[in-house]
Amino acid sequence: MKKHFSFILILLFTLPLWNGCKLNNKEIPNLSDVKAQIEGYHKNGKYDADLKKIFTKANLEFAKITSKENSLVIFDIDETTLSNYQFGLDYDFGYNEEIWDEWVNEKRATAIKEVKDFYNMLVSKGFRIAFITGRNTSHYNDTKENLISEGYTIFDTLITRKMDALKTTALIYKSEERQKLVDKGYEIVATVGDQYSDILGANHGIQIKIPNYQYIVK
Ligand SMILES: [Mg+2]
């Protein structure tokens with residue numbers, strides 16, 4: 001999460017620099033306007049409608065697939081299985097490590113309904129579930145409890161990011177963790193995430209990308 005919010009702020013403030021003289025002041029997005037657009041997207045039902053569309057398509061694809069003993073679907077956590085949108089609202093889409101730790105410790109993230117319904121369908125059809133999250137290992141217990149309290153009670157493994165994995169990109173970290181699962185004998189049939197770094201790289205299976213306009217994790 002730290003990198004997430006930092007990234008959007010850096011992006012917003014440096015966009016004009018990257019584009020040099022191509023932009024005039026009228027073309028620079030105003031941070032307040034962008035925040036209002038994000039709030040509008042969530043309030044006006046467009047976010048829910050987008051999710052519905054994505055999972056209608058995913059359900060149709062999975063209707064054609066029979067699970068095997070080792071069929072695994074990998075979910076990201078933040079803004080995928082659990083929403084931290086309230087955290088964004090509480091802190092005006094700002095971030096620092098202390099308030100994020102507090103939020104995780106309080107286990108206030110809530111299940112995203114459409115994702116939870118999809119998860120339920122997969123579990124009922126015998127698919128195995130793994131969570132791979134960018135949250136670090138110190139958040140393992142709180143994250144596990146938050147997942148369970150929000151109804152994600154059945155899963156094979158929850159993988160949090162160890163200190164050495166913090167030195168690399170999310171894309172590499174998640175790809176490496178998926179490879180370890182394949183080496184253990186799993187067949188990854190799908191990856192679900194709000195970031196392209198959740199679903200790109202080797203062993204991704206069917207890619208299910210859900211929206212997130214708050215931050216980007218590479
Ligand atoms: Mg995420």
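Author: The protein chain has nine helices and seven strands. These are DSSP runs, numbered from the N terminus: helices are H or I with at least four residues, strands are E with at least two. The model is predicted, so local features need pLDDT of at least 70 and side-chain atom pairs count only at pLDDT 80 or more, while totals for chains, interfaces and linings use all residues. Residues are numbered from 1 along each chain as its sequence is written.

Of the 218 residues of the protein chain, 32% count as buried. A residue is buried if 20 or more other C-beta atoms lie within 10 Å of its own, exposed if 12 or fewer, and partly exposed in between; the C-beta atoms are placed from the backbone. Among contacts in the protein chain with a separation of 6 or more, 73% join residues 24 or more positions apart. Contact here requires C-beta atoms, placed from the backbone, to lie within 7 Å.

Now the part to look at: the sheet. Five strands build it, in the order β5-β4-β1-β6-β7. The sheet is open and its pairing is parallel. Two strands pair if DSSP finds at least two bridges between them. β5 (157–161) and β7 (206–209) are at the edges with a single partner strand each, so one side of each has no neighbour in the sheet. On average, neighbouring strands are turned by 20 degrees against each other, direction ignored. Axes are lines fitted to C-alpha atoms, for helices over the stretch in contact, and angles run from 0 to 180 degrees between N-to-C directions.

Go to β4, residues 128–136. Its parallel pairing with β5 has four bridges. Asn136 is bridged to Arg161 in β5. Ala130 stands opposite Thr157 in β5. β4 also pairs with β1, again over four bridges and in the parallel sense. There, Phe75 faces Phe131 of β4.

Thr133 has 25 other C-beta atoms within 10 Å, so it is buried. Leaving out residues up to four places away in sequence, Thr133 touches Asp76, Ile77, Asp78, Thr143, Ile159 and Thr160. One of these, Asp78, is 55 residues from Thr133 in sequence. Their C-alpha atoms are 7.4 Å apart.

Follow the chain past β4. Gly151 is in the loop between α7 (140–149) and β5. Gly151 has 12 other C-beta atoms within 10 Å, so it is exposed. With residues up to four places away in sequence set aside, Gly151 touches Ala111 and Lys116. Gly151 and Lys116 are 35 residues apart in sequence, with 7.8 Å from C-alpha to C-alpha.

Two packed helices are described by the angle between their axes and the distance between the axes. The crossing of α3 past α6 is right-handed. Right-handed is when the near helix is turned clockwise from the far one by less than a right angle, left-handed when anticlockwise.

From α3 come Leu51, Lys52, Phe55, Ala58 and Asn59; they meet Glu114, Phe118 and Met121 of α6. By class, this contact has five nonpolar, one polar and two charged residues. Nonpolar covers Ala, Val, Leu, Ile, Met, Phe, Trp, Tyr, Cys and Pro; charged covers Asp, Glu, Lys and Arg; polar covers the others, Gly among them.

Asn203 has a positive phi of about 60 degrees, although it is not a glycine. Most residues other than glycine have a negative phi. Asn203 has 18 C-beta neighbours inside 10 Å, so it counts as partly exposed.

Methods. Two residues are in contact if their C-beta atoms, placed from the backbone, lie within 7 Å.
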